[in-house]
Amino acid sequence: MNDVYNTIRLHVPESIELVLDSCKFVIIQTDKNRLMQILINLLTNAIKHTTHGYIRFGYEIEERNVKFYVSDTGKGIPMEAQEKIFDRFVQLNDATQGIGLGLPICKGLLLKLGGNISVTSEINKGSTFTFTLPLIHRGIKKWD
């Protein structure tokens with residue numbers, strides 16, 4: 001998490017506070033590079049769509065899963081678009097910067113890692129992306 005923070009903080013404008021929440025130490029069996037790719041993608045999206053306020057990220061332990069989150073005070077995503085943003089080739093009508101393939105790629109990576117992703121958002125108040133990974137991952141799936 002510190003590696004992700006140090007990578008992203010150089011790209012955050014002064015008008016946005018980047019916060020890495022204090023996290024309880026845990027070791028999970030997963031692909032570190034893919035996990036970093038997912039977090040960096042979500043944080044980069046938050047930077048694109050946030051002009052002031054904060055971007056906060058971290059994780060929590062929930063029973064047999066680790067729940068990661070990235071929250072921002074950005075422009076938000078309309079309710080009707082929230083389910084579609086994880087599909088490939090979706091462009092929001094009023095998007096000044098495209099959603100691109102980043103979110104569908106994150107979803108695909110998480111499915112391969114045994115996890116899932118979701119979003120909650122409110123227009124002009126921000127978004128929170130959460131994804132879970134199992135604490136214990138049995139079996140290794142090959143990357144296509």
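Which residues of helix H4 (residues 102-112) are buried? They are Gly102, Leu103, Pro104, Cys106, Leu109 and Leu110, where buried means under 20% relative accessible area, exposed over 50% and partly exposed in between (1.4 Å probe, protein chains only). The model is predicted: local features need pLDDT of at least 70, side-chain atom pairs count only at pLDDT 80 or more, and totals for chains, interfaces and linings use all residues. Residues are numbered from 1 along each chain as its sequence is written, and side-chain values use heavy atoms, with hydrogens and water left out.

View 1. Helices (H or I, at least four residues) and strands (E, at least two) are DSSP runs, numbered from the N terminus. Just after H4, Gly114 has a positive phi of about 85°.

**View 2. The largest nonpolar core.** This core has 34 residues, and Phe68 and Phe131 touch the most other members. A nonpolar core is a set of buried Ala, Val, Leu, Ile, Met, Phe, Trp, Tyr and Cys residues joined through side-chain atoms within 4.5 Å. At least two residues of the core come from each of helix H1 (2-8), strand E1 (16-20), H2, strand E2 (53-62), strand E3 (65-72), H4, E4 and E5. H2 gives the most, with 8 residues. Leaving aside neighbours within four places in sequence, Phe68 is in contact (heavy atoms within 4.5 Å) with residues including Met1, Ile28, Leu35, Leu39 and Phe131. In soluble globular proteins, nonpolar side chains tend to be buried together.

**View 3. Aromatic pairs.** The count comes to 3 aromatic pairs; rings of Phe, Tyr and Trp (its six-membered ring) pair if their centres lie within 6.5 Å, and planes under 30 degrees apart count as stacked, over 60 as edge-to-face and the rest as tilted. The ring centres of Tyr59 and Phe68 are 5.6 Å apart with planes at 55°, so this pair is tilted. Both Tyr59 and Phe68 are buried. For Phe86 and Phe129 the centres are 6.2 Å apart and the planes at 85°, so the pair is edge-to-face. Phe86 is in the loop between helix H3 (79-82) and H4, and Phe129 is in strand E5, so the pair ties together parts 43 residues apart in sequence. Tyr59, Phe68 and Phe131 form one aromatic cluster.

**View 4. Ser121 in strand E4.** Ser121 belongs to strand E4 and is buried, with a relative accessible area of 16%. Its side chain makes a polar contact with the side chain of Ser127 (2.7 Å). A polar contact is a pair of N or O atoms within 3.5 Å; within protein, one must be able to donate a hydrogen and the other to accept it, and residues adjacent in sequence count only if both atoms are side-chain atoms. A polar atom of the Ser121 side chain also lies 3.1 Å from the backbone oxygen of Gly126.

**View 5. Salt bridges.** There are 5 salt bridges, each a side-chain nitrogen of Lys or Arg within 4 Å of a carboxyl oxygen of Asp or Glu. Lys32 pairs with Asp3, with the closest N and O atoms 3.5 Å apart. Lys32 is in helix H2 and Asp3 in helix H1, 29 residues apart. Arg56 and Asp21 meet at 2.7 Å, N to O. Asp21 counts as buried at 18% relative accessibility, whereas Arg56 is partly exposed at 29%. Glu60, Glu62 and Lys67 are linked in a network of salt bridges.
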